[in-house]
Amino acid sequence: MASGTTCDGRDSTLNNQSKDEMYSLLGRHVKSYEEHIYFVFRVLVGLLFMQHGAQKLFGLFGGVSGSGSAAPLLGMYGVAGVIELIGGLLLVIGVLTRLVALIAAGQMVVAQFIAHLPDGIIPIQNGGELGLLYIAAFLVLVLYGSGQYSLEHLFLDREIV
């Protein structure tokens, strides 16, 4: 197969050019909203993570194991709840984002080993898919930090950590 041709003999140069032009057009449009989209992402991740903390600490949203009860503050679930509630709030307001996201990702890795992997290796079967999505989201937050729309940027014009 010659360079620049597809397996069926067509010229792939035109195909690649149209893909590049489409990406360029889409990429330029999306790029202009990059900070806004990242802000929404960071806030949504933080708000959703806070709900898990409120569930554990205050028994909201069904509480621990759906019983409506709160976890003991000094137990494993209580400590996780504190990380989730306070960490989620810090993510929402954009303070210490990288550090909080790193700690939260570590918590989710531990949760995978303690709560999910004993029930099997396939996340959809062991209930660990949400935790894995959180790990991915937290890694993005570790990579990009607080972003332009954060309290750190507003008051300090830089990230603390």
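1. A helix axis here is a line fitted to the C-alpha atoms over the stretch in contact, and the angle between two axes is taken between their N-to-C directions, from 0 to 180 degrees. With that in hand, the axes of helix 3 (residues 76–93) and helix 4 cross at roughly 150° and come within 10 Å. The model is a predicted one.

2. The overall make-up is simple to state. The protein has seven helices and zero strands, and its pattern along the sequence is α-α-α-α-α-α-α. It has 161 residues, of which 30% count as buried. For contacts between residues at least 6 apart in sequence, 61% join residues at least 24 apart.

3. Back to helix 3 and helix 4, whose crossing is left-handed. On the helix 3 side the contact uses Met76, Ala80, Ile83, Glu84, Gly87, Leu90 and Leu91, and on the helix 4 side Thr97, Val100, Ala101, Ile103, Gln107, Met108 and Ile114. By class these residues are 10 nonpolar, three polar and one charged.

4. Helix 4 (residues 97–116) also packs against helix 6 (residues 129–144), with axes that come within 8 Å and cross at roughly 155°. Angles over 145 degrees count as roughly antiparallel, and helix 4 and helix 6 are therefore roughly antiparallel to each other. Their crossing is left-handed.

5. Which residues of helix 4 meet helix 6? They are Thr97, Arg98, Ala101, Leu102, Ala104, Ala105, Met108, Val109 and Gln112. Their partners in helix 6 are Gly131, Leu132, Tyr134, Ile135, Phe138, Leu141, Val142, Leu143 and Tyr144. The contact of helix 4 with helix 6 has 14 nonpolar, three polar and one charged residues.

6. The axes of helix 2 and helix 6 are 11 Å apart, at an angle of about 135°. This pair is therefore oblique, and helix 2 passes helix 6 in a left-handed crossing. Helix 2 contributes Tyr38, Phe41, Arg42, Val45, Leu48, Phe49 and His52, while helix 6 contributes Leu130, Tyr134, Ala137, Phe138, Val140, Leu141 and Tyr144. The classes are 12 nonpolar, one polar and one charged.

7. Phe39 belongs to helix 2 (residues 34–58). Is Phe39 buried or partly exposed? Its relative accessible area is 34%, so it is partly exposed. The C-alpha atom of Phe39 is 9.8 Å from that of Ile93, a residue 54 positions away along the chain.

8. Two loop residues deserve a check of the backbone. Most residues other than glycine have a negative phi. Ser65, which is not a glycine, has a positive phi of about 60°. Ser65 sits in the loop between helix 2 and helix 3 and is exposed, with a relative accessible area of 77%.

9. The other is Leu96, also not a glycine, with a positive phi near 55°. Leu96 is in the loop between helix 3 and helix 4. With a relative accessible area of 23%, Leu96 is partly exposed.

Conventions:
Residues are numbered from 1 along each chain as its sequence is written. This is a predicted model: local features need pLDDT of at least 70, side-chain atom pairs count only at pLDDT 80 or more; totals for chains, interfaces and linings use all residues. Side-chain values use heavy atoms; hydrogens and water are left out. Helices (H or I, at least four residues) and strands (E, at least two) are DSSP runs, numbered from the N terminus. Buried means under 20% relative accessible area, exposed over 50%, partly exposed in between (1.4 Å probe, protein chains only). Contact means heavy atoms within 4.5 Å. Angles under 35 degrees count as roughly parallel, over 145 as roughly antiparallel, 65 to 115 as roughly perpendicular and the rest as oblique. A crossing is left-handed if the near helix is turned anticlockwise from the far one by less than a right angle, and right-handed if clockwise. Ala, Val, Leu, Ile, Met, Phe, Trp, Tyr, Cys and Pro count as nonpolar, Asp, Glu, Lys and Arg as charged, and the others, Gly among them, as polar.
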